[in-house]
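Hi,

Here is the structure I promised to pass on.

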Amino acid sequence: MWCSRVALRRLQRIAVTPLTTAGGLTGAVQKQMSTLPRVYITRQIPPEGLKILRESGQVQFELWDSDDVPVPRCELLQKVRGMDALLCVLTEKIDTELLDSAGPNLKVISTMSVGFDHLNLEELKKRGIRVGYTPDVLTDSVAELTVALLLTTSRRLIEATHEAKTGGWGTWRTLWLCGYELANSTVGILGLGRIGVAIAERLKPFKVKKFIYTDVVPRPELASMINAEYVSLDELAKQSDFLTICCALTPETKEICNKNLFSKMKNTSIFINTSRGGVVNQQDLYEALSMGQIAGAGLDVTVPEPLPTSHPLFTLKNCVILPHIASASYSTRNAMSALAANNLLLGLTGQPMIKELKI
């Protein structure tokens, strides 16, 4: 498991053979540069990644120079034409239409994300396009944010802040703004991987009584790190005082958190999702929260993103919604950017990527 700061230092040290330009850009060098692989970058990525690509001298790249507004789809379809590689983020759908637009030169996709539900893997495999992604480096930041969101939701911090600001803070009351504590609780993890383990490690000092998890298969090696017990999905719902969702979005996990699951949870349970919005049926979640089937929910991911401000979930006091910021620390985002750049360069030269999806 990489700490993002350590990972960034390692990624910065990866040897990349630069294009020698001693004596200035001669005609020969200019000609050499014009034949370098062409790369399109769909977002203004953090500086470490751009620095690696620029100083490598191995590619010529163009980017959508904005971090606030995604590249318009029509613009993206034009810009990818004839490109040899693409460095993207999770807001870009890499589908058949885009791959057809890019044409046969496209050999590498490097996504600056741990999730890959925005990629059509079947189509990429069919075309022999290699895919790099950025797991591990964001484990710590996602785990930290998950714990922060869990505590914020369970101890009703957003409600409390609002009351303090708007004059609701009156005389001391015995049950006003009471929440639920972690001590002696059962924490459930849906999808036990690196992030699930990291979350549990951070929750241990809160005197959690028991960790349980479910996954497609038991994960004894990971489970032993946190002394977690494997249970069925039904038992996970029934036993968990806090249920954290850490699974990838796949056809099997799409809306797995639905009316059936919420109906089995305790009315004192807290539901936390920092994985992908698509694993939750949001209408079912709204009904469970508004009817008191569960006590509260904290979401860092939704469908769509951004979630419209008119969405019913925003009307609930017991639902905390964040704008997908789990990996939003400076060190983590720079490490993701550096890993995405190195994956791309290695893929273009036919070498094993640092982190490559096996498709």
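This is a predicted model: local features need pLDDT of at least 70, side-chain atom pairs count only at pLDDT 80 or more; totals for chains, interfaces and linings use all residues.

Residues are numbered from 1 along each chain as its sequence is written, and side-chain values use heavy atoms, leaving out hydrogens and water.

The sheet is open, with five strands in the order 2-1-3-4-5 and parallel pairing. Strands here are DSSP runs of E with at least two residues, helices are runs of H or I with at least four, and both are numbered from the N terminus; two strands pair if DSSP finds at least two bridges between them. Strand 2 (60–63) and strand 5 (130–132) form the edges, each pairing on one side only. Strand 1 (residues 38–41) pairs with strand 2 in the parallel sense over four bridges, and Arg38 stands opposite Gln60.

Helix 3 (residues 47–56) lies across strands 1, 2 and 3, at about 150° to strand 2. Helix 14 (residues 330–348) lies across strands 1, 3, 4 and 5, at about 170° to strand 4. Contact means heavy atoms within 4.5 Å; axes are lines fitted to C-alpha atoms, for helices over the stretch in contact, with angles from 0 to 180 degrees between N-to-C directions.

Counting cysteine sulfur pairs within 2.5 Å as disulfides, the total is zero. For Cys74, the nearest cysteine sulfur, that of Cys88, is 18 Å away.

Best wishes
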